Amino acid sequence: MRWIVLVLVVVAVAACASLLGRKPSEPVDGKPAHHRSDGRFVNTDGVAINKPFSALLKWRWNAPDVKPLALPLADNDPDYLRENRSDSTLTWIGHSAFLLQHRGVNVLTDPHFGERASPVSFAGPKRLVPPGLELDALPDIDFIVISHNHYDHLDRYTVEALRDKQTDNPPTWFVPLGQKAWFDDLGVSSVVELDWWQSAPFGEWEITAVPVHHWTSRSPFDRNTVLWAGWVMASDDFRFVHIGDSGYSADFKAIGDRLGPFDVAAVPIGAYLPRWFMKAAHMDPAEAVQVHRDLRATQSVAMHWGTFMLTDEPVDDPPKRLAAALAEAGVDAEEFVVMQHGETRPLTSAD
Ligand code: ZN
Ligand code: ZN
């Protein structure tokens, strides 16, 4: 496939460049432990996810031929969602993108309405299912959280479209530390960047960036120079966490202890094969069940599957493995649901 060749060439160049210019990566006095002396970030366990080029080649060489599969799109009611100022709802737009509505506040997570999860329009993982809501059908959005800068989570086309759609009342964007400059370059106003465990208010809400186990890169030269995060969004009567992209780690217990329990958690269940390559950066469904427990979530919702083909598992495998993992762990299947693309669910909070 052409995009794989392209990626391999780009990564080869990056590997050479980073070998030539490598500086030591050490903790910096007076700064949090994940800030390093070379200007890059590491995970809370000190690990920087940076697989050698040989490992990437080994993965691609042995990769099975995954068949594309377009899962069915659920019916929804964009008019109701646009008018709704009272009901709490969650709509899965696809991949890590949700529309969350609570007490008249409209929130988007990792919005992606583009055709591909890629830096270029002609190559890269292509969308299998149309977005579950059209961009033009969205209600006015109050705030948006971005977990990290990988192309399946931060899509330039989408950001520009949202910038142009709400010029009179722009949404506030919450982004991980170091990502604001990218938005500034696009002329996007109202961007708040936060380090792990930092919070900022939004009206009655408190928005907190939390650590997860992952990495960032949009080019061969910027690996881990910008932070990655999950997001806790809490109002008086509702606590929601979107954990972005992550391998399993001790971070979830810490998030659950410090900021849980949660009414709803959005947890990734896809992009896990092969495990030897993906485990550090992507949890599998069994680990997602453990995350559901660690977070102390009343309700978890699956994401990061069935929308773009990124890894080696069959497109419809994650929900099957999730069902098996829930049964194995003795967790009620209703506690961790898999939504259809486009599906809207009413939410209940703990009060
Ligand atoms: Zn990612
Ligand atoms: Zn991802």
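This is a predicted model: local features need pLDDT of at least 70, side-chain atom pairs count only at pLDDT 80 or more; totals for chains, interfaces and linings use all residues.
**Conventions.** Local features need pLDDT of at least 70 and side-chain atom pairs count only at pLDDT 80 or more, while totals for chains, interfaces and linings use all residues. Residues are numbered from 1 along each chain as its sequence is written, chains are lettered from A and ligands numbered from 1 in the order in which they are written, and side-chain values use heavy atoms, without hydrogens and water.

**Entry 1, zinc.** I looked up the protein donors of the zinc ion (ligand 1) and found His148 (NE2), His150 (ND1), His214 (NE2) and Asp245 (OD), 2.1 to 2.3 Å from the ion. Donors are N, O and S atoms within 2.8 Å of the metal (3.2 Å for Na, K and Ca); water is not among the atoms, so sites may look incomplete. The angles among the four donor atoms run from 89 to 169 degrees, and the site is irregular. Four donors are tetrahedral if all angles lie between 85 and 135 degrees; four are square planar and six octahedral if opposite donors are over 155 degrees apart and all others between 65 and 115; anything else is irregular. I then noted that the zinc ion (ligand 2) lies 3.6 Å from ligand 1, and that aspartate 245 coordinates both. Histidine 150 and aspartate 245 are 95 residues apart, in the loop between β4 and α4 and the loop between β10 and α6 respectively. Both residues are buried (under 20% relative accessible area; exposed is over 50%, partly exposed in between; 1.4 Å probe, protein chains only).

**Entry 2, sheet.** Strands (E, at least two residues) and helices (H or I, at least four) are DSSP runs numbered from the N terminus. The open sheet has seven strands in the order β7-β8-β9-β10-β11-β12-β13, with mixed pairing; two strands pair if DSSP finds at least two bridges between them. Its edge strands are β7 (199-202) and β13 (336-337). β7 and β8 pair in the antiparallel sense over four bridges, with phenylalanine 202 opposite tryptophan 205. Two residues separate these strands in a hairpin, and glycine 203 in the turn has a positive phi of about 60 degrees.

A nonpolar core is a set of buried Ala, Val, Leu, Ile, Met, Phe, Trp, Tyr and Cys residues joined through side-chain atoms within 4.5 Å. In the largest, of 62 residues, Phe143, Ile243 and Leu295 touch the most other members. Strand β11 (residues 262-268) gives the largest share, five residues. A second, separate core has 22 residues, including Leu81 and Val159.
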